[in-house]
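Subject: Structure handover

Hello,

Here is the structure I promised to pass on to you, and below it I have written out what was found in it. Please read the notes with the structure open beside you.

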Amino acid sequence: MKNSIAVILRKLRKFIKLLRSNLMLVRHYRLAGKSDEQFSFIYIGWDKKLCYYWLKRFSENYIIKPKKRIIASSSILNYLDRNKDNIDLVITETTNKAISDKYPFGFMLPRWMEMELDIESSLKTTAIKKIIRIIRKYSLEYEIRDGIEALDLFYHRMYKSQIIKRHGESAFVADYNYFLNKFTSQECKLFFLILKNEPVAGTFIEKTGGSYRLTASGIKDGSSKIFKMGATIALRYFILHYFYEKGINKLMVGSSMPVITDGVTEHRMHLGAKPYLKDLEGRSKYYFIPMNTKSSTLNILKSNPLFYLSDNGLNIALFISAEDFDSKDGFFKFYNRVSTSKIQMIKVFYFDNCEKIIQWINEENITNTEFISYESQLK
């Protein structure tokens with residue numbers, strides 16, 4: 001009986017997978033700005049978490065008004081053609097070659113992007129001095145604990161509670177057994193930040209091959225007070241120092257979104273983390289396709305510099321208006337904030353006359369930066 005049920009379940013999962021590969025859910029959002037500015041956003045695919053992520057980035061400036069429908073994946077191009085005048089931005093999970101042929105200005109983004117930290121370099125950054133001041137101010141310490149009680153404390157009171165508090169109904173929480181299986185079968189470590197003899201934050205670290213990876217973190221009961229105190233970055237410092245003393249100089253710091261101004265991605269880059277390129281090709285991908293030159297579209301693009309994939313590897317796309325930068329110093333403050341190594345090229349898509357910025361780049365002899373007229377790419 002159990003075997004027959006298992007067979008039925010396998011067939012059902014296979015059928016659902018086949019159905020989803022032939023039918024795509026289309027979510028059409030019309031976003032209203034504060035000054036009657038409209039922004040129309042289409043999300044094509046089944047990944048609720050990814051859709052919610054982008055809506056959160058857009059909803060800082062817009063009110064969301066959703067519509068939903070389902071179309072066959074083979075009709076996506078026809079659907080976009082029929083509605084192109086009413087769509088400002090498309091995000092679609094498909095990596096169908098026909099999409100890139102029709103919309104060559106689309107950017108292929110990795111669903112997640114692993115980041116790798118050079119520990120020695122990170123411990124020398126100016127940010128570390130601030131973290132050490134936080135540790136001294138609150139007399140913070142750390143402990144490495146094992147046993148099921150430690151795992152339960154981390155999973156239920158820190159990891160799970162923080163994710164639910166932050167994301168609510170859209171939260172994706174890994175199953176307890178996911179951590180339990182790793183904790184009991186691999187060389188894993190549970191680090192806890194200690195405040196007044198009590199654990200207030202935790203990080204789950206697993207060993208994968210010859211590397212260690214920060215798999216998940218959390219703050220006790222999702223406390224915003226503990227977070228604002230600097231608990232997350234303080235625990236990160238203790239972890240870096242621990243592995244440095246063990247003679248380990250590389251640490252995988254977890255998956256990040258390919259949006260440079262995303263809070264997690266930007267924080268990791270600030271600490272010195274860089275894209276880990278070895279597994280990018282095998283990761284799931286999706287298209288990010290701007291459709292026009294409306295001011296609302298340009299504002300969204302300027303707020304979201306991207307890591308994207310092309311035939312020559314990983315690149316950065318920056319979207320700028322020259323009028324946003326009054327001085328050379330102001331431009332390079334932005335440029336240095338969003339640039340990193342381990343990439344092939346930084347492509348700067350400009351919306352107006354950018355001669356002064358091109359001159360600034362040339363004066364500094366920066367060679368891996370290309371300037372492209374945004375409007376010319378849409379023709």
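The lining of the largest cavity divides into three nonpolar residues, five polar residues and one charged residue. Please keep in mind throughout that this is a predicted model. The cavity itself holds about 60 Å³ of space, and the structure has one cavity of 30 Å³ or more. Its lining is made up of A201, G202, T203, S217, G218, T232, L235, R236 and I239, and the elements that give two or more residues to that lining are strand 9, strand 10 (211-219) and helix 10. Helix 10 gives the most, with four residues.

Just after helix 10 comes G247, which takes a positive phi of about 80°.

K196 has a phi near 55°, and N197 has a positive phi of about 70°. The place of K196 is in the loop between strand 8 (189-195) and strand 9 (198-208), and N197 is in the loop between strand 8 and strand 9 as well. K196 counts as exposed because its relative accessibility is 74%, and N197 is likewise exposed, with a relative accessible area of 68%.

Next come the open spaces on the protein. The second largest pocket has a volume of about 500 Å³, and of the 20 residues that line this pocket, the closest to its centre are P104, G106, L309, S310 and D311. Helix 4 (97-102), strand 5 (107-110), strand 14 (306-310) and strand 16 (345-350) each supply at least two residues of this lining, which divides into 10 nonpolar, six polar and four charged residues.

The last topic is the aromatic rings. A pair of aromatic rings is described by the distance of the centres and the angle of the planes. A search of the whole structure finds 37 aromatic pairs. In one of them, W54 and F288, the ring centres are 5.2 Å apart and the planes stand at 45°, so the pair is tilted. Because W54 lies in helix 2 (residues 48-58) and F288 in strand 13 (residues 285-290), the pair ties together parts that are 234 residues apart in sequence. W54 counts as buried at 0% relative accessibility, and F288 is buried with a relative accessible area of 1%.

F319 and F349 also form an aromatic pair, which is stacked, with 5.6 Å from centre to centre and 20° between the planes. F319 belongs to strand 15 (residues 313-320) and F349 to strand 16, so this pair ties together parts that are 30 residues apart in sequence. Both F319 and F349 are buried.

Ring pairs also link F154, Y155, Y159, Y176, Y178, F179, F183 and F204 into a cluster. Finally, the charged end of R145 sits over the ring of F192, at 5.5 Å from its centre.

Best wishes

Note on methods
Residues are numbered from 1 along each chain as its sequence is written. This is a predicted model: local features need pLDDT of at least 70, side-chain atom pairs count only at pLDDT 80 or more; totals for chains, interfaces and linings use all residues. Side-chain values use heavy atoms; hydrogens and water are left out. On a 1 Å grid over the protein atoms alone, a cavity is a set of points where a 1.4 Å probe fits but cannot get out, and a pocket is an open set with protein on both sides within 12 Å along at least five of seven lines; lining residues have an atom within 4 Å of a point. Grid points are joined across faces, edges and corners, and a volume is the space filled by probe spheres set on the points. Ala, Val, Leu, Ile, Met, Phe, Trp, Tyr, Cys and Pro count as nonpolar, Asp, Glu, Lys and Arg as charged, and the others, Gly among them, as polar. Rings of Phe, Tyr and Trp (its six-membered ring) pair if their centres lie within 6.5 Å; planes under 30 degrees apart count as stacked, over 60 as edge-to-face and the rest as tilted. Buried means under 20% relative accessible area, exposed over 50%, partly exposed in between (1.4 Å probe, protein chains only). A charge sits over a ring if NZ of Lys or CZ of Arg is within 6 Å of the ring centre and within 35 degrees of the ring normal.
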